[in-house]
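Here is a brief report on one model.

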Amino acid sequence: MKTALTIAGSDSSGGAGIQADIKAMTLNGVFAMSAITALTAQNTTGVTDIMDVKPNFLEAQMDAVFTDIYPDAVKIGMVSDKELIIIIADKLVEYDAKNIVIDPVMVATSGARLLKEDAIDTLKEKLLPLADLITPNIPEAEILSGLEIKCYKDMETAAEKVANELGVNVLLKGGHSINDSNDVLFEIDCLKKTWINGQRIDNENTHGTGCTLSSSIAANLAKGESIEESVRVAKKYLEGALRDGLDLGKGSGPMNHAFDIKEKYRN
């Protein structure tokens, strides 16, 4: 069995972060492991508190994983502190990590800022250039590119700019009232732009969609799929989880990551 490591924050409500990553990786057919960057107190209505782990403890977690069950892919999500970003970057280089997918989480769907202001430059300089793929949404791509994104052409321009500046492949995710969940993939090696269309699902419960997509991509990269195919499969999985129509909590609830488990295991 192929393996994948998620390096991200914990979501106490189970819909996003480490919890969503492990579910998505497992349902996409790989063995999931984790290194936790922060504990969050959150639910479907918002984030009420964040406690970062100590840098030496994050380092110990990564050492424990890489020296025993080497991951075939690594997904990185919420990292709010620049010291933690540096630890992650150094360890990825030390262990020659493969198939690195980074979801540059900066702001929660609820509007809570998840990345400290002084950590943005460190993220761009130390960590993002190590990725095989980064998956910003439109607000994150505006921060990374310095451009305003209002249409399809703006998405293409921003994706190409970020890719060229960082030297990485970029999947700029649509939505945010610009399109019906269509994403643009810019592959830096071949300078290729590919639109990967999705179906907008009529479901207001979208907590953890970014975590789920990036983790699913990492899982498929671990299994040897190309970047484009990994994205296509991950988007189909995400659509299935949304279409299942799970409705929990008082706010933007989680999806059903296990929608595809055979019924005999669910009863």
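Helices (H or I, at least four residues) and strands (E, at least two) are DSSP runs, numbered from the N terminus. With that numbering, aspartate 96 sits in the loop between α3 and β5 (100–102). The model is predicted.

**Loop residues with positive phi**

Aspartate 96 is not a glycine, yet its phi is positive, at about 50 degrees. Its relative accessibility is 46%, so aspartate 96 counts as partly exposed. Leucine 191 also has a positive phi of about 50 degrees, and leucine 191 is not a glycine either. The loop between β8 (183–187) and β9 (192–196) holds leucine 191. Leucine 191 has a relative accessible area of 58% and is therefore exposed.

**Helix packing**

Helix α3 covers residues 82–94, and helix α4 covers residues 120–127. Helix α2 covers residues 55–66. Two packed pairs are listed here.

| Helix pair | Angle | Distance between axes |
|---|---|---|
| α3 and α4 | about 5 degrees | 9 Å |
| α2 and α3 | about 25 degrees | 9 Å |

Take α3 and α4, with their angle of about 5 degrees. That angle makes α3 roughly parallel to α4. On the α3 side, the contact is made by Lys82, Ile85, Ile86, Ile88, Ala89, Asp90 and Leu92. On the α4 side, Thr122, Leu123, Lys126 and Leu127 take part. By class, the contact of α3 with α4 has 7 nonpolar, 1 polar and 3 charged residues.

Now take α2 and α3, which pack at about 25 degrees. Angles under 35 degrees count as roughly parallel, so α2 and α3 are roughly parallel to each other. Their crossing is right-handed. Helix α2 contributes Pro55, Leu58, Glu59, Met62, Asp63 and Phe66 to the contact. Helix α3 contributes Glu83, Leu84, Ile87, Ile88, Lys91 and Leu92. The contact of α2 with α3 divides into 8 nonpolar and 4 charged residues, with no polar ones.

Ile88 and Leu92 of α3 take part in the contact with α4. Ile88 and Leu92 also belong to the contact with α2.

**Nonpolar cores**

Which residues have the most contacts inside the largest nonpolar core? They are Ile76, Leu92 and Ile134, in a core of 47 residues. Leaving aside neighbours within four places in sequence, isoleucine 134 is in contact with Ile102, Leu128, Leu144, Val162, Leu166, Val168, Asn169, Val170 and Leu171. Another core lies apart from the largest one. This other core has 24 residues, among them Ala32, Ala73, Leu171 and Val231.

Is alanine 20 buried or exposed? Its relative accessibility is 0%, so alanine 20 counts as buried. Alanine 20 lies in helix α1 (residues 17–27). Beyond its neighbours within four places in sequence, alanine 20 is in contact with Gly14, Gly15, Cys211, Thr212 and His257. Alanine 20 and leucine 185 are 165 residues apart in sequence. In space, C-alpha to C-alpha, alanine 20 and leucine 185 are 23 Å apart.

Glycine 146 is in the loop between α5 (138–145) and α6 (152–166). Its relative accessibility is 62%, so glycine 146 counts as exposed. Glycine 146 and threonine 209 are 63 residues apart in sequence. Their C-alpha atoms are 24 Å apart in space.

Technical notes
Residues numbered from 1 in each chain as written. Predicted model: local features only at pLDDT ≥ 70, side-chain atom pairs only at ≥ 80, totals over all residues. Heavy atoms only, no water. Axes fitted to C-alpha atoms, helices over the stretch in contact; angles between N-to-C directions. Parallel < 35°, antiparallel > 145°, perpendicular 65-115°, else oblique. Contact = heavy atoms within 4.5 Å. Nonpolar A, V, L, I, M, F, W, Y, C, P; charged D, E, K, R; others polar. Left-handed = near helix turned anticlockwise from the far one by under 90°. Core = buried A, V, L, I, M, F, W, Y, C linked by side-chain atoms within 4.5 Å. Buried < 20%, exposed > 50% of the residue type's maximum accessible area, 1.4 Å probe, protein only.
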